[in-house]
Amino acid sequence: LSISSAVSTLTKEENISSMSRSAQSNTNLLDRPLGRSGGRVGGSSDATSVSLSAFAYVYSELVQYHQGRAASVSELERRLESAGYGVGLKVLELVAYRSKETKRETRLMSMLQFVSSSVWKSLFGKAADSLERSIDHADEFMIVDYEPITSTFVSVPQDLGQLSADAYVSGIIAGVLDGAGFSARVTAHSVDLEDGEYSKPNTTGMPPRKDKAVFLVKFSPDVLSRDAA
């Protein structure tokens, strides 16, 4: 009886262990622990990074999906922005959790620096190339990226010539800012490079870019008045 009980107990323990391993392997990605590094897009060897080619394929499908449901270029850009907005809200929570910061950014410039550095590194493996303030308008700021992955591998047809394929990223920025209490309108623009402005060895096999992505951030009046107080 004791041997039978021991075998029965061992069998139960093995079954429980097997079920536990099976449950861990089937755990939804969103239910896994958040305190990991990685999760960005690029060619890093980190197992949690996303393949650039995989992202380019999925993003191309996303653009085509919304293109088939949009009646104009502006509507297509709004759809891409909306798709990125929800991602921005989640990215804010994730980056804040992983950085283990106990304080909340309350100053406008500190928040923009957080977006152009911490958020950019978390998503793309590098900081944005520059953060600039508009000379003409006090409520406008610009985040510049010379190699945005959302438009590097996207070919815009002539009938959609004014389309900014980086509208998805502008939606992410808006989501991060809005989630942190900094309401703003964010739009993506392609600006031609000036001679000698940017030079880097081309490792993508694609023709050298002749433009850069400029994400124009226009804050609401209440955010500016709060920051000036």
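A search of the whole structure finds 1 cavity of 30 Å³ or more; on a 1 Å grid over the protein atoms alone, a cavity is a set of points where a 1.4 Å probe fits but cannot get out. The model is predicted, so local features need pLDDT of at least 70 and side-chain atom pairs count only at pLDDT 80 or more, while totals for chains, interfaces and linings use all residues. Residues are numbered from 1 along each chain as its sequence is written, and side-chain values use heavy atoms, with hydrogens and water left out.

Begin by selecting Phe55, Ala56, Tyr59, Ser60, Ile149, Thr150, Phe153 and Val154, which line the largest cavity (lining residues have an atom within 4 Å of a point). Two elements, α2 (52-67) and α5 (149-152), each give two or more residues to this lining; helices are DSSP runs of H or I with at least four residues, numbered from the N terminus. The volume of the largest cavity is about 40 Å³, the space filled by probe spheres set on the points.

Next, select α2, the source of the largest share of that lining, 4 residues. Its buried residues (under 20% relative accessible area, 1.4 Å probe, protein chains only) are Phe55, Tyr59, Val63 and His66. They lie on the same side of α2 because they cover an arc of only 70 degrees around the axis, taken from the directions from the helix axis to the C-beta atoms.

Now turn to the other side of α2, where Ser53, Tyr57 and Val58 are exposed, that is, over 50%.

Finally, display α3 (73-99), α5 and α6 (167-179), which are included in what covers the buried residues of α2, with contact meaning heavy atoms within 4.5 Å.

How values were computed:
On a 1 Å grid over the protein atoms alone, a cavity is a set of points where a 1.4 Å probe fits but cannot get out, and a pocket is an open set with protein on both sides within 12 Å along at least five of seven lines; lining residues have an atom within 4 Å of a point.
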